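I opened a notebook page for this structure and wanted to look up its charged pairs and one of its sheets. The entries below follow the order in which I checked things.

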Amino acid sequence: MSILEIIEKKKNGLELNKIEITEAFMGYMNGSVEDYQMSSLLMAIVINGMSFEETINLTDIMLYSGKRLDTKKVEGIMVDKHSTGGVGDKTSLIIGPIMAALGLKMGKLSGRGLGFTGGTIDKLESIPGFRVALTTDEFIFDLNKVGFTECEQTPEFTPLDKKIYDLRSVTGTVSSIPLIASSIMSKKLAVGAEYILIDIKVGSGALIKTKKDAIELANTMIEIGKAYNRTVIPVLTNMSRPLGDNVGNALEVIEAMDILKGKNGSLKDLCIELSSALYSRCRHINLDVATREVKKVLDDGSAYNKFIEFTKIQGGDIEKIELSENIIPIKSKTSGTLKDISAEEIGKLALELGGGRKKKGETIDYGVGVVINKHIGNSINEGDVLCYLYQRDNLDRSSEALKAFSIVK
Ligand code: URA
């Protein structure tokens with residue numbers, strides 16, 4: 001069947017068989033299908049969806065488009081974690097060291113950020129010297145030695161997903177449950193972890209806006225996992241507010257370290273919840289026991305020590321992390337109670353400051369961002385500092401910043 005016929009078939013809401021999906025997607029991979037044809041097919045998928053059979057077939061094609069990690073070389077239980085993305089999401093940098101301190105092996109391939117949500121690879125690159133490009137041998141060596149490794153998704157692994165995801169990012173075709181599920185799961189399956197925690201963010205600052213869609217995505221990923229003999233542990237978490245106080249690459253690394261060193265708050269609680277869910281499934285223990293173990297490695301500093309080992313082995317020097325020194329306080333113009341902080345507005349602000357990419361391949365400034373100074377429920381007096389902007393220029397962004405904070409009398 002020609003690519004045109006395949007597009008027409010999907011446009012008419014019909015199911016594609018494995019041969020048709022292979023022809024279209026492998027055709028795109030090898031260049032016989034053009035960007036504009038794939039964009040059109042992707043849009044038809046966004047509109048008409050995919051059956052479970054189609055989703056599995058697409059996952060399989062993406063998985064086998066590249067190599068897979070030989071997990072036999074990893075000593076111990078291998079776990080992985082993925083977040084569907086959010087503003088200020090630095091949970092991997094906290095959960096990875098926790099898992100390593102608990103004796104599990106968490107190896108992650110990650111991506112860069114696009115738009116107002118950041119990517120972990122950009123955050124890690126804000127640590128001077130940190131190498132995000134590792135060979136497979138280095139990845140396995142570091143994983144066996146430290147227990148936590150995170151590196152850039154290289155062209156060797158699921159290259160088709162990378163090509164498709166890059167195209168989706170610029171053609172309005174990201175928000176599709178089968179496309180998201182197959183994209184995430186193909187990457188997770190290629191790395192080979194037995195237990196996969198998926199933190200599905202729901203809310204205005206997230207890719208998935210409603211609970212209904214989040215549940216559908218969770219179920220799709222559980223089923224894909226079963227088809228490949230893997231345990232998928234989905235956890236739905238709120239993402240209408242930024243995660244933690246810091247948004248911006250270096251600022252987020254600093255906050256992750258602060259949490260590992262004992263800073264309390266909702267971000268720490270979330271990381272404990274996610275880590276405990278994963279740990280209890282891997283060790284077949286109940287959630288309370290798992291939670292106690294997780295808290296123990298946070299309290300005794302062993303998770304923080306793992307973070308230090310992880311950054312060192314990948315060449316990073318945390319002493320050299322640099323932040324902009326031009327710090328602008330944003331003061332409230334009203335008094336009342338802080339009802340909400342919009343993840344989307346804070347994310348856009350960090351993007352405007354230069355901390356994110358508007359276009360693929362753009363360079364970003366690691367040292368800029370936003371530090372939120374007040375929490376939901378705080379009472380606010382006129383003139384109180386709501387947040388600080390770490391910026392390089394002297395533009396007045398107070399009206400954009402104030403938009404993020406809802407204060408009620
Ligand atoms: N993250 C991914 O890796 N893929 C998607 O499709 C969406 C979020």
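Which residue forms a salt bridge with Glu 255, and how far apart are the closest N and O atoms? I am working with a predicted model, and in it I found that the partner is Lys 263, with the closest N and O atoms 3.1 Å apart. I then looked up the accessibility of both residues: Glu 255 counts as buried, at 1% relative accessibility, whereas Lys 263 counts as partly exposed, at 28%. The pair belongs to a network of salt bridges that also includes Lys 90 and Asp 245.

Next entry: the total. I noted that the count of salt bridges comes to 26, and I followed up two further pairs from the structure.

For the pair of Asp 89 and Lys 201, I recorded a salt bridge in which the closest N and O atoms are 3.9 Å apart. Asp 89 lies in the loop between strand S1 (78-83) and helix H5 (92-101), while Lys 201 lies in strand S4 (residues 195-202), so this pair ties together parts that are 112 residues apart in sequence.

For Asp 161 and Lys 187, I read a distance of 2.8 Å from N to O in the salt bridge where their side chains meet. Since Asp 161 sits in helix H8 (residues 159-169) and Lys 187 in helix H9 (residues 177-191), the pair ties together parts that are 26 residues apart in sequence. Asp 161 is buried, with a relative accessible area of 1%, and Lys 187 counts as buried at 12% relative accessibility.

In which order do the four strands of the open sheet run? I wrote down S6-S9-S11-S7, with antiparallel pairing, and I marked strand S6 (246-247) and strand S7 (327-331) as the edge strands, each of which pairs on one side only. S7 pairs with strand S11 (residues 385-390) in the antiparallel sense over five bridges, and I found Ile 328 standing opposite Leu 389 in S11. Helix H15 (residues 343-355) packs on this sheet, where I saw that the helix touches S6, strand S9 (369-372) and S11, and that its direction makes about 140 degrees with that of S9.

Terms used: Residues numbered from 1 in each chain as written. Predicted model: local features only at pLDDT ≥ 70, side-chain atom pairs only at ≥ 80, totals over all residues. Heavy atoms only, no water. Salt bridge = Lys/Arg side-chain N within 4 Å of Asp/Glu carboxyl O. Helix = DSSP H or I, 4+ residues; strand = E, 2+ residues; numbered from the N terminus. Buried < 20%, exposed > 50% of the residue type's maximum accessible area, 1.4 Å probe, protein only. Pairing = 2+ DSSP bridges. Contact = heavy atoms within 4.5 Å. Axes fitted to C-alpha atoms, helices over the stretch in contact; angles between N-to-C directions.
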